[in-house]
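Please consider the structure shown below.

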Amino acid sequence: MRIGVGLWTMRATAAHPAAQPAMYRDLLADARLVESLGFHSLWLAEHHFWYDGWCPSPLVAASAALAVTSTLHVGTGIHLLPLCDPRRVGEQLSWLQRASGGRLQHGVGLGYRAAEYDGYGISRLVRGRRMDAALDWLSGLGDAVPPVWVGGFSPAALERAGRLGLGVLLPSTLTLPQLERAIAQARDAAAAAGRTVRIGVMKYAWATDGSESARAWALGMLSTFMREYAGAWFPLRGRPGFESPELLEAQVRRAADTALVGSPDELVLQLRALADAGAEQCVLHLVGDGRLPERHETLALIADRVVPALDPVPS
Amino acid sequence: MRLGVVLEGAPGVAALQSLAAQACAAESVGLDFAWLAPEAGAAALLAASSVAASTTVLRLVARVAVGAHPLEIAEAAVVAENCSAGRLGLVLESVGRDRDLLAETTDAILAATSPRPFRHHGARWRIPANLPENEDHEARLAVTPYCVQPELPIWLAGPESDGVARERGLSHVSGAGESAEDAARAWAATERALGPGARRLRRPALRAVHADADGDLDDAALVAMLRAEQRLWDVDIAVLRLPAALDDRARARAMRRVASRVRPRVVLDALPPGLEAYWDEALA
């Protein structure tokens with residue numbers, strides 16, 4: 001299984017204020033560190049028009065990370081493809097893929113925030129159709145563009161990835177049975193089209209020393225992250241999370257219950273279970289806003305004691 | 001006068017390394033600007049952020065042809081600007097002679113790159129659109145992250161750009177195909193229109209420079225040309241386009257020559273007698 005790490009969101013939050021240019025400078029140092037630790041990939045995220053400066057243009061940030069590394073892959077987890085003009089994105093992807101020696105991984109998704117679609121003058125109702133059209137266009141460019149990973153787990157997303165023979169990038173909060181069902185759906189769609197589908201998974205994760213206190217700290221950090229993220233944005237039965245406190249707490253619990261948090265040995269077992277379910281690639285989403293120093297410690301622990309214990313993906 | 005060079009996007013798989021090598025060569029000899037306009041026009045801001053990662057003080061100028069959604073350009077620009085810790089400027093280039101497209105794109109990007117929530121209602125774009133099916137939409141948007149600089153430098157280039165720039169109090173770039181006399185006429189018009197306000201505008205020019213395959217160039221002719229343009233229309237930023245076929249080594253040699261033999265000669269109006277002869281002898 002290939003292990004990537006993420007997500008570099010470049011957020012300066014109320015809980016962890018930071019200087020944005022310093023965060024972009026740190027991205028370069030982090031990319032070098034992640035490469036030196038032997039990870040397959042580093043993943044960036046995208047959102048728009050938010051108080052915390054969430055990176056709205058991950059391909060631009062990816063270009064900087066690719067420029068300071070030589071073997072590390074850099075991915076988007078995810079790029080809101082329906083917001084874009086497919087021809088221009090195709091140009092950008094082709095340029096960056098060629099310029100980086102083929103080290104870009106293109107995770108795409110629909111997104112969900114109406115404000116982002118409205119900013120670009122696009123009806124949220126047509127995002128699926130725009131995604132289909134963009135993927136068709138990019139598929140026509142062949143190897144000139146990077147491998148695509150379709151984010152999400154809706155039947156439409158799984159069918160889309162399978163039909164076009166792309167990859168799926170399943171979201172963090174799925175349980176193992178849900179992942180197995182989604183993988184089967186994607187593979188069925190691919191088989192029906194005479195293609196194969198690559199399987200990727202994102203997972204909230206943190207490596208600890210195995211103690212209960214360390215686990216509680218990591219889960220507390222995840223909950224803090226998820227409460228603000230889901231509270232402000234997630235439409236929980238049609239309303240923002242903060243207006244539906246019970247649903248929000250359920251979402252926070254779901255994130256904690258499905259996270260990979262524990263000692264390196266425990267993470268190895270959990271990742272092997274994902275590999276047995278069919279995952280070829282896992283992006284470990286190490287939450288923690290801003291410039292959390294502990295993030296480097298968990299990266300080193302995973303690199304030293306988790307990745308070497310996993311079976312590599314044959315090249 | 002400040003001097004810069006165009007970084008050529010090397011075709012093939014080594015473009016990031018080649019751009020970094022060219023940029024480092026420019027930075028190491030103290031040139032002021034690197035101009036990025038790769039063959040794939042949509043990739044200029046990608047190239048800028050990659051070059052920013054390899055440099056620390058070199059200022060970057062990304063030339064982007066208008067036509068894309070202004071938010072796409074603005075958001076890519078603010079991320080590249082943050083990657084460069086505030087060293088980026090943006091050149092918006094007109095497409096064909098579509099003055100309205102350049103004007104509306106410029107207006108929307110000026111608004112989007114300011115640290116104020118904004119809305120833009122133009123002939124082509126309505127930002128935010130406030131479409132009824134987009135629930136919970138905003139009346140105004142803020143593009144984040146903010147620029148590091150108090151204001152993103154925006155210059156305009158291409159056909160019709162001088163008039164559009166003048167109306168907005170922006171600089172326009174005298175293009176490589178434009179004569180010094182044309183530039184002088186355009187800037188005289190800007191001075192008439194803006195009065196003292198024209199003094200705060202930089203006067204950039206893009207100029208092609210001949211060099212042989214080893215990177216040797218006729219620096220005396222280049223100095224003469226730049227001094228003439230200085231006298232005629234007060235050009236204060238010259239971005240030099242070296243032949244695209246030069247390899248990175250020859251390009252670096254040409255940049256060093258510009259830095260050591262041209263730059264010292266175009267800072268002041270005149271140099272004391274004997275100094276240039278001394279340089280010619282001592283630096284030969």
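Q: How many bridges join β9(B) to strand β10 of chain B?
A: This is a predicted model, in which local features need pLDDT of at least 70, side-chain atom pairs count only at pLDDT 80 or more, and totals for chains, interfaces and linings use all residues. Residues are numbered from 1 along each chain as its sequence is written, chains are lettered from A and ligands numbered from 1 in the order in which they are written, and side-chain values use heavy atoms, with hydrogens and water left out. Strands (E, at least two residues) and helices (H or I, at least four) are DSSP runs numbered from the N terminus, and two strands pair if DSSP finds at least two bridges between them. β9(B) and β10(B) (residues 237-241) run parallel, and the number of bridges joining them is 5.

Q: What is the order of the strands in the open sheet of chain B?
A: The sheet has 8 strands with parallel pairing. Their order is β8-β7-β4-β3-β2-β1-β10-β9.

Q: Why is one side of β8 and of β9 of chain B left without a neighbour in the sheet?
A: β8 (171-172) and β9 (204-208) of chain B each have a single partner strand. One side of each therefore lacks a neighbour, because both stand at the edges.

Q: What angle does the direction of helix α2 of chain B make with that of β3(B)?
A: Helix α2 (residues 44-54) packs on the sheet, touching β1, β2, β3 and β4 of chain B; contact means heavy atoms within 4.5 Å. Axes are lines fitted to C-alpha atoms, for helices over the stretch in contact, and angles run from 0 to 180 degrees between N-to-C directions. The angle is about 165°.

Q: Is Ser161(B) buried or exposed?
A: Ser161(B) lies in helix α5 (residues 161-168) of chain B and touches Leu102(B), Leu156(B) and His172(B), not counting residues up to four places away in sequence. Buried means under 20% relative accessible area, exposed over 50%, and partly exposed in between (1.4 Å probe, protein chains only). Because its relative accessibility is 2%, Ser161(B) counts as buried.

Q: What percentage of the residues of chain B count as buried?
A: Chain B has 9 helices and 10 strands. Of its 284 residues, the buried share is 56%.
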